[in-house]
Amino acid sequence: MALDQAKKAEIIAKYARGENDTGSTEVQVALLTERINYLTEHLKINKKDHSSRLGLLKLVGQRRRLMRYLKKSDLTRWTAIKADLGIRN
């Protein structure tokens, strides 16, 4: 299940850097983290859902690439988003 509009708007409002910001790296990482958390819980219940597991791995890879970019470009923003979302690395 995708994020509903209210939850998505709440995440965007929390992590946006400006008024009309919906695509900054922090917003993308936060939205991906929410989807990753949902799929992780889903896969704890549905252990044989391999297609969702592949989707989860793709999301984790995409988030990892975004975090790597953020670490290269602005280390303070990287540490802030990492601490706020509880991302390990």
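Guide: In α3, the residues S52, L56, L59, G61, R63, L66, M67 and L70 are buried, where buried means under 20% relative accessible area, exposed over 50% and partly exposed in between, with a 1.4 Å probe and protein chains only. This is a predicted model, in which local features need pLDDT of at least 70 and side-chain atom pairs count only at pLDDT 80 or more, while totals for chains, interfaces and linings use all residues. Residues are numbered from 1 along each chain as its sequence is written, and side-chain values use heavy atoms, with hydrogens and water left out.

Helices are DSSP runs of H or I with at least four residues, numbered from the N terminus. The 24 residues of α3 should span 34 Å at 1.5 Å a residue, and its end C-alpha atoms are 35 Å apart, which agrees; the expected span is 1.5 Å times one less than the number of residues.

The cover over the buried residues of α3 includes α2 and α4. Leaving aside neighbours within four places in sequence, L66 is in contact (heavy atoms within 4.5 Å) with T25, Q28, V29 and L32. The C-alpha atoms of L66 and E26 are separated by 8.7 Å, although these residues are 40 apart along the chain.

M67 touches V29, W78, I81, K82 and I87, not counting residues up to four places away in sequence. In the largest nonpolar core, which has 19 residues, M67 is among those with the most contacts, together with Y15, V29 and I81. Such a core is a set of buried Ala, Val, Leu, Ile, Met, Phe, Trp, Tyr and Cys residues joined through side-chain atoms within 4.5 Å. Helices α1, α2, α3 and α4 each supply at least two residues of this core, and α2 gives the most, with eight.

A pocket is an open set of points on a 1 Å grid over the protein atoms alone where a 1.4 Å probe fits, with protein on both sides within 12 Å along at least five of seven lines; lining residues have an atom within 4 Å of a point. The largest pocket is lined by 15 residues, and V60, R63, I87, R88 and N89 lie nearest its centre.
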